[in-house]
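Please open the structure in your viewer and keep the selection panel at hand. The stops below say what to select next and what can be found there.

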2 protein chains.
Amino acid sequence: MLKNYYNNQILPELEGKEVIVAGWVHNIRDLGGKKFLILRDATGIGQVVVDKDSPAFKVANELTQESVVRIKGKVKADKRAPRGAEIHAEDIEILSLAKVPLPLDVSGKVKADIDTRLRERVLDLRRPEMTAVVKIQSVVLRTFRETLYNEGFVEIFTPKIIAAATEGGAQLFPVIYFGKEAFLAQSPQLYKELMAGVVEKVFEIGPAWRAEESDTPYHLAEFISMDVEMAFADYNDVMNLIEKLIYNITQRVSEDCKEELKLLNYTPPTVKLPIKRIPYKEAIEILQSKGLNIKFGDDIGTPELRILNEVIKEELYFITDWPTMARPFYTKVKDNEPEVSESFDLIYKWLEIASGSTRNHRREILEEALKKRGLRPESFEFFLRWFDYGMPPHAGFGMGFARLMVMLTGIQNVKEIVLFPRDKKRLTP
Amino acid sequence: MLKNYYNNQILPELEGKEVIVAGWVHNIRDLGGKKFLILRDATGIGQVVVDKDSPAFKVANELTQESVVRIKGKVKADKRAPRGAEIHAEDIEILSLAKVPLPLDVSGKVKADIDTRLRERVLDLRRPEMTAVVKIQSVVLRTFRETLYNEGFVEIFTPKIIAAATEGGAQLFPVIYFGKEAFLAQSPQLYKELMAGVVEKVFEIGPAWRAEESDTPYHLAEFISMDVEMAFADYNDVMNLIEKLIYNITQRVSEDCKEELKLLNYTPPTVKLPIKRIPYKEAIEILQSKGLNIKFGDDIGTPELRILNEVIKEELYFITDWPTMARPFYTKVKDNEPEVSESFDLIYKWLEIASGSTRNHRREILEEALKKRGLRPESFEFFLRWFDYGMPPHAGFGMGFARLMVMLTGIQNVKEIVLFPRDKKRLTP
């Protein structure tokens, strides 16, 4: 390794010790004949002092912002330095000299618009706020999986190139597959259901695609879907599991990402369990009482959710028991109330974060549900045929990773969260 | 939940306790007026006894293999039962009655060929040997990630729909992206390099695609790639990291998957550290000494690796320092030996499991390397431009998840390992 210490390890206890650090030149200042070099690495900011009589002084003169350097020096305790210690440079090696001017200011003094930020994305991601988002994402993924492993779930990977649509044909990206037409999966839905019919409890975190024509802050053409499916369970079991996941994730982020949240100037919501469950019909009544012209069967979109959120005053809530025909064909209807389904959405303020349901596990009901939606059972035979050979009752959910990150970072546009977002106008970088 | 116990929890200690289990009818036998029902669930096999005078007896008569049932009964200790205890059924509910005959025998008495198995894949995956493979995969993924988290790595997701090829144009799947032509990523190579230029240590586990025309036991059109990239490191650091990963993974699988390995009748290799590192030139000399007509610059393919493996007698070894022109443009050449690169392959017996190198971090060298390979630097501008703005020295590797699983399960065809494999002739199930 070209370095033996990271910035966050340079502490007063190392007083007098020779260390090698490396990273990016975040800033340089001249002060009374000395140079103060702010060195950024994966762990944060560190301070390097270059004295006039040091052989490193001449090299320091050449440095530009974002150049990559390797520095040998001695640690000195100093209360004014970031962690109470700084490095007095003895040798600076320039590993990569950055061009001037930078197309985006990484030190954050000059603000850039979103289009510039996404074009100059590598520099944008180096801004400490964005690096914080990248690190929080990793903690969220880890906690999501750990919670599921502890509940006995098995991690799977399902195919992304598929022959037929999951929920009808809309918004699919065609792939030319050895001369034949195929599609990119919109969701691992049908495959995760089949796998619940094999090992009972499964999850997958992976990409999914929707050819979204509209440009909203909450939609992407390529997104990371967090998918869970469990056999011998219904939608209440699934909501109970989501509560554990959301609780563990917010706890872990709040505890392990204190510095990152400080950089973002944000506090994630405190999750109180149980999370409120509001039946769709009740939500409609609330909206009607607020003067909205809305009736059973209508969608509850973002404008309606904003109003609902004002009334119920919960940061997180489930809307349950959606109208049957508002949900995909695999959703189970309630036994004594066929116009309503065993389904839910998890809402953060007014943003849908997850969606789930009890699934149909009987072939004849699935066929009927397909026909009711104008879909041909024959097109779904690759899925339906397994229901002849022992599919258990099952339930599950899909959660949008970037939307979950909206809740955890306060960033209001998923394109800012995803490293290299893909939408109608963006295919690079 | 429809069940309150799993098969592996039915132990003699529960003697007399009423339990609810659920799962698949793996087998049914009549013995002396009693029925013995072998119930399979995610945790394994359990034994249920249905006495002639039990109200469940009539229902038991209707059962077919792979039907899904829910059983209430009392636990009785019995040394002849799988875990020393069995359930005496009081009530059997059929949740899903399976058709007769099954297109594939799940209990494993009748062997099926690979084409039948992949066509009847959901039933095939329910065979206890295959369920064992699914579970081992999950343990491998978890251990791979945990090892990297503990080393300070950050998990990332990079785009899968890309504008240009990573390593030249061959074997790409075209995607129709909002009317424009784009491609499915062959590898996250260039994006993970850029991210090492942001947060230093990154990894990604996700799908990648190659339009493989040939039908071999080790190639797939869609595969899971385990990718790692680290800044301020070279290929020796990367090989050291791979040693930790492989050691931890084989240890964890051997310890936590004892039952699964027994089902597979397989013992993974014992990893002795350090893993032997053989320079390519030395490998060529060994092959020449064995009478092969091979010279510097030639590939070392499977037939050659089989011979090499016989000589060096190591289950796992690195072949290092490959000819520069045998490696992609982003590979760094050795400082004093420009015809040789700082690169390696990790070989299990005669199968390449991982491939890595120190990368070039200077723009002018990357441009030259592209030209030498007949590629146009202009086509890689989306990647090259970031090298003007502070790219650190870095190194990394890519590992094929299914190939790693070959080493850990003894299964010799990656199509048997991947849940729903994709190749030239397979797009379903």
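## Two helices in chain B

Bear in mind throughout that this is a predicted model. Begin by selecting residues 235-256 of chain B, which form helix H6, together with residues 401-409 of chain B, which form helix H12; the two pack at an angle of about 45°, with their axes 11 Å apart. H6(B) and H12(B) are therefore oblique to each other, and H6(B) passes H12(B) in a right-handed crossing. If you now show side chains, you can pick out Ile246(B), Ile249(B) and Thr250(B) on H6(B), which meet Leu404(B), Met407(B) and Leu408(B) on H12(B). By class, the residues of this contact of H6(B) with H12(B) are five nonpolar, one polar and no charged.

## The open sheet of chain B

Next, stay in chain B and colour the strands of its open sheet, which has eight strands in the order E6-E10-E11-E18-E17-E16-E13-E12 and mixed pairing. Strand E6 (154-155) and strand E12 (276-279) of chain B stand at the edges, and each has a single partner strand, so one side of each is left without a neighbour in the sheet.

Within this sheet, select strand E17 (residues 351-358) and strand E18 (residues 394-400) of chain B, which run antiparallel and are joined by five bridges. One place to look is Thr358(B), which stands opposite Ala395(B) in E18(B).

Which residues make the contact between H8(B) and H9(B)? On the side of H8(B) they are Ala283(B), Ile286(B) and Leu287(B), and on the side of H9(B) they are Glu304(B), Ile307(B), Leu308(B), Val311(B) and Ile312(B). Sorted by class, the contact of H8(B) with H9(B) has seven nonpolar, no polar and one charged residues.

Pro274(B) sits in the loop between helix H7 (258-264) and E12 of chain B. As background, most residues other than glycine have a negative phi, and most peptide bonds are trans.

Now move to strand E1 (residues 18-31) of chain B, which runs antiparallel to strand E4 (residues 68-77) of chain B and is joined to E4(B) by seven bridges. To see one pair, select Ile20(B), whose bridge partner in E4(B) is Lys72(B).

E1(B) also pairs with strand E2 (residues 34-41) of chain B, again in the antiparallel sense and over seven bridges. Here Arg29(B) has Phe36(B) in E2(B) as its bridge partner. The hairpin of E1(B) and E2(B) has two residues between the strands, and Gly32(B) in this hairpin takes a positive phi near 55°.

Turn to chain A and select the strands of its closed barrel, in which five strands run E1-E2-E3-E5-E4 with mixed pairing. Neighbouring strands of this sheet are turned by 55° against each other on average, direction ignored. Strand E4 (residues 68-77) and strand E5 (residues 85-96) of chain A run antiparallel and are joined by 10 bridges, and Gly73(A) stands opposite Ala89(A) in E5(A).

Phe232(A) has a positive phi of about 55° although it is not a glycine, and its place is in the loop between strand E11 (222-231) and helix H6 (235-256) of chain A. The peptide bond from Thr428(A) to Pro429(A) is cis, with omega near -5°, and Pro429(A) is found in the segment after helix H13 (414-417) of chain A.

## Both chains together

Finally, show both chains. Chain B can be laid on chain A with an RMSD of 0.0 Å by a turn of 180° and a shift of 0.0 Å along the axis. That is the relation of a two-fold axis. To locate the axis from chain B, select Val175(B), whose C-alpha is the nearest to the axis in that chain, at 2.2 Å from it. The same surface serves both copies, for 100% of the contact residues of chain B recur in chain A.

Technical notes: Residues are numbered from 1 along each chain as its sequence is written. Chains are lettered from A and ligands numbered from 1 in the order in which they are written. This is a predicted model: local features need pLDDT of at least 70, side-chain atom pairs count only at pLDDT 80 or more; totals for chains, interfaces and linings use all residues. Side-chain values use heavy atoms; hydrogens and water are left out. Copies are superposed by least squares on the C-alpha atoms of residues with pLDDT of at least 70 in both. Contact means heavy atoms within 4.5 Å. Axes are lines fitted to C-alpha atoms, for helices over the stretch in contact, and angles run from 0 to 180 degrees between N-to-C directions. Helices (H or I, at least four residues) and strands (E, at least two) are DSSP runs, numbered from the N terminus. Angles under 35 degrees count as roughly parallel, over 145 as roughly antiparallel, 65 to 115 as roughly perpendicular and the rest as oblique. A crossing is left-handed if the near helix is turned anticlockwise from the far one by less than a right angle, and right-handed if clockwise. Ala, Val, Leu, Ile, Met, Phe, Trp, Tyr, Cys and Pro count as nonpolar, Asp, Glu, Lys and Arg as charged, and the others, Gly among them, as polar. Two strands pair if DSSP finds at least two bridges between them.
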